[in-house]
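Let's take a walk through this structure together, looking at its side-chain contacts one after another. Please have the model open as you read.

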Amino acid sequence: MDDRYWMTQALAEARCAGELGEVPIGAVVVLGGEILGRGHNRREIDGDPLAHAELLALREAALRVRGWRLAGCSMYVTLEPCPMCAGALVASRIDRLVYGAADPKAGFCGSLGNLVQDPRLNHRLEVSSGVLAEESAALLRGFFASLRSPRPVSP
């Protein structure tokens with residue numbers, strides 16, 4: 001199983017978010033060929049500004065390993081993480097981040113900044129970007145296009 005396979009799992013989570021009316025972003029945490037944590041955006045449903053896909057996947061993975069250190073794990077996420085999620089990746093000691101689409105407006109793993117590889121911090125991640133980027137971006141474009149399209153009015 002390679003990066004593309006695991007990113008398809010993150011894309012499945014993103015589709016779940018979209019079906020719920022959430023911004024379609026999904027994430028999985030993988031260790032040794034097994035998914036330890038899954039997450040998709042739930043900010044609207046939960047009324048929680050912290051309910052990002054990455055944080056939910058990290059929380060589930062930490063429960064599975066019974067600890068906050070996720071050394072040896074990789075995170076696969078459909079959109080470049082924001083500063084909050086990038087910080088959580090560093091704090092959790094994830095080894096590797098793989099993301100799909102870059103986020104030029106909020107991404108902090110290479111676009112606006114690069115928190116996950118900042119040499120001043122006590123932990124840095126290996127980063128691979130652009131894995132199934134078009135599929136990830138297409139989900140987001142479709143979601144936001146549907147928000148802008150006029151809705152039929154019921155009589």
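What follows covers aromatic pairs and then salt bridges.

Keep in mind that this is a predicted model. We can begin with the aromatic rings, which form two pairs. Tyr5 and Trp6 make up one of them: the ring centres are 4.8 Å apart and the planes meet at 75°, so the arrangement is edge-to-face, since anything over 60 degrees falls in that class. Tyr5 is partly exposed, at 34% relative accessibility, while Trp6 is buried at 6%. Phe143 and Phe144 also form an edge-to-face pair, with 5.1 Å from centre to centre and 80° between the planes. Here Phe143 is buried, with 13% relative accessibility, and Phe144 is partly exposed, with 32%.

Now turn to the charged side chains, where you will find seven salt bridges. Asp3 and Arg96 are joined by one of them, with 2.7 Å from N to O. Asp3 belongs to helix H1 (residues 3-19) and Arg96 to strand S4 (residues 96-101), so this contact ties together parts that lie 93 residues apart in sequence. Both Asp3 and Arg96 are buried.

Another salt bridge links Asp46 with Arg42, at 2.9 Å from N to O. Asp46 is partly exposed, with a relative accessible area of 38%, and Arg42 is partly exposed as well, with 27%. Asp118 and Arg120 form a salt bridge too, at 2.5 Å from N to O. Asp118 is buried at 13% relative accessibility, whereas Arg120 is exposed at 72%.

Finally, return to Asp3 and Arg96: through salt bridges that share partners, these residues and Glu126 are joined into one network.

Terms used
Residues numbered from 1 in each chain as written. Predicted model: local features only at pLDDT ≥ 70, side-chain atom pairs only at ≥ 80, totals over all residues. Heavy atoms only, no water. Phe/Tyr/Trp six-rings, centres within 6.5 Å; stacked < 30°, edge-to-face > 60°. Buried < 20%, exposed > 50% of the residue type's maximum accessible area, 1.4 Å probe, protein only. Salt bridge = Lys/Arg side-chain N within 4 Å of Asp/Glu carboxyl O. Helix = DSSP H or I, 4+ residues; strand = E, 2+ residues; numbered from the N terminus.
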